[in-house]
Amino acid sequence: MIIIDDIAYVRSGTADLEAAVRFAVDVVGLEEVAREDGTAYLRADHRHHCLAFVEGEPGVLASGFTVRDAAALAAAELELERAGCHVERGDAAGARHRRVSDYLAFDDPFGNRVELACGQGTLARPVRFGRPAGITEFGHLCLDAPDVHEACAFWSTLFNIKISDWIGDRAALMRFDPVHHKLAVFQGERPGLCHLNFQVAALDDVMRSWHVLQNLGVEIEMGPGRHPQSTAVFLYFKGPEGLTYEYSWGVRRIEDDATWRPRTFDPEEPDSIDMWAGPTRKPGTQLQVGNRSAAAR
Ligand SMILES: [Fe+2]
């Protein structure tokens, strides 16, 4: 079994690097830590970056997770190959570019490009947030797949990933640590990144940002609302080139795996996605950039 330690980063292609960075810093509130060779690195917490914008074709390039060390990465490579995944091992330049010691890349069965890395860089200095949005950490990421049950089967068979809750056939909310979900898969016909999430410190931060974003003319996709599964108060909004960001506060922790039973919520019920029964729609997906070599990105 491949043991994922944490989420690491999202790499997203952009045709307008400046616009993507300006939104991430001035609107979302991230810190731009570096820019080199057409790539901008954005930071939200101890990670060197959790979001990298790469100049080029717009669309998500890869979603990254950390494993413990080089031995765990080597073991993961074997397990993935045994499971029939084509694995591309990263080179030194690619690792440097990602600020990791080593990494590999593969496609999940639905065409989402996934990277596993070890030795992700940590920054000791406090984050200089671009806006006081109250961000505390990179919270989770959400991929699309045509069949969320098949997606969960893939992740929970090969990885230390457990289902926390289902929203019928629309969503699988999964965990690998006590946080209710750090990986979600939403139903979508084509591979892509549905959204990336940032946790904020207080309910007030979510509500304050709601007004800030509206005043800036940002498209609010959903919320403020409260997910009954994770109990998180959420706000989804749209950035440039179809990248959806989410703020949330108050996510449930599942401390006792033995006693937790995944629940199924019927998406046709009006309060299954927002327990406050506000208007809901699936956040728009940034589609996966096609089949270029992972090592070349
Ligand atoms: Fe989310």
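The chain has an average pLDDT of 96, and 98% of its residues score at least 70. An exception is the segment 292-297, over which pLDDT stays under 50, although the model has 14 contacts beyond four places in sequence for these residues. Where pLDDT is low, the predicted coordinates should not be read in detail.

The domain assignment divides the chain into domain 1, spanning residues 6-121, and domain 2, spanning residues 135-287. The C-alpha centres of domain 1 and domain 2 are 20 Å apart, and the contact between them draws 28 residues from domain 1 and 28 residues from domain 2. On the side of domain 1 that touches domain 2, at least two residues each come from strand E1 (6-14), helix H1 (17-28) and strand E5 (59-66); H1 gives the most to this side, with five residues. Classified by residue type, the side of domain 1 that touches domain 2 comprises 16 nonpolar, seven polar and five charged residues.

The largest nonpolar core contains 86 residues, and those with the most contacts inside it are Leu 51, Ala 171, Ala 172, Met 174, Ala 184 and Val 185. This core lies between domain 1 (6-121) and domain 2 (135-287), because both domains give residues to it. For Ala 184, when residues up to four places away in sequence are not counted, the residues touched are His 140, Cys 142, Ala 171, Ala 172, Leu 173 and Met 174.

How values were computed: Residues are numbered from 1 along each chain as its sequence is written. This is a predicted model: local features need pLDDT of at least 70, side-chain atom pairs count only at pLDDT 80 or more; totals for chains, interfaces and linings use all residues. A nonpolar core is a set of buried Ala, Val, Leu, Ile, Met, Phe, Trp, Tyr and Cys residues joined through C-beta atoms within 7 Å. A residue is buried if 20 or more other C-beta atoms lie within 10 Å of its own, exposed if 12 or fewer, and partly exposed in between; C-beta atoms are placed from the backbone. Domain bounds come from an automatic or database domain assignment. Two residues are in contact if their C-beta atoms, placed from the backbone, lie within 7 Å. Helices (H or I, at least four residues) and strands (E, at least two) are DSSP runs, numbered from the N terminus. Ala, Val, Leu, Ile, Met, Phe, Trp, Tyr, Cys and Pro count as nonpolar, Asp, Glu, Lys and Arg as charged, and the others, Gly among them, as polar. pLDDT is the predictor's confidence in each residue, from 0 to 100.
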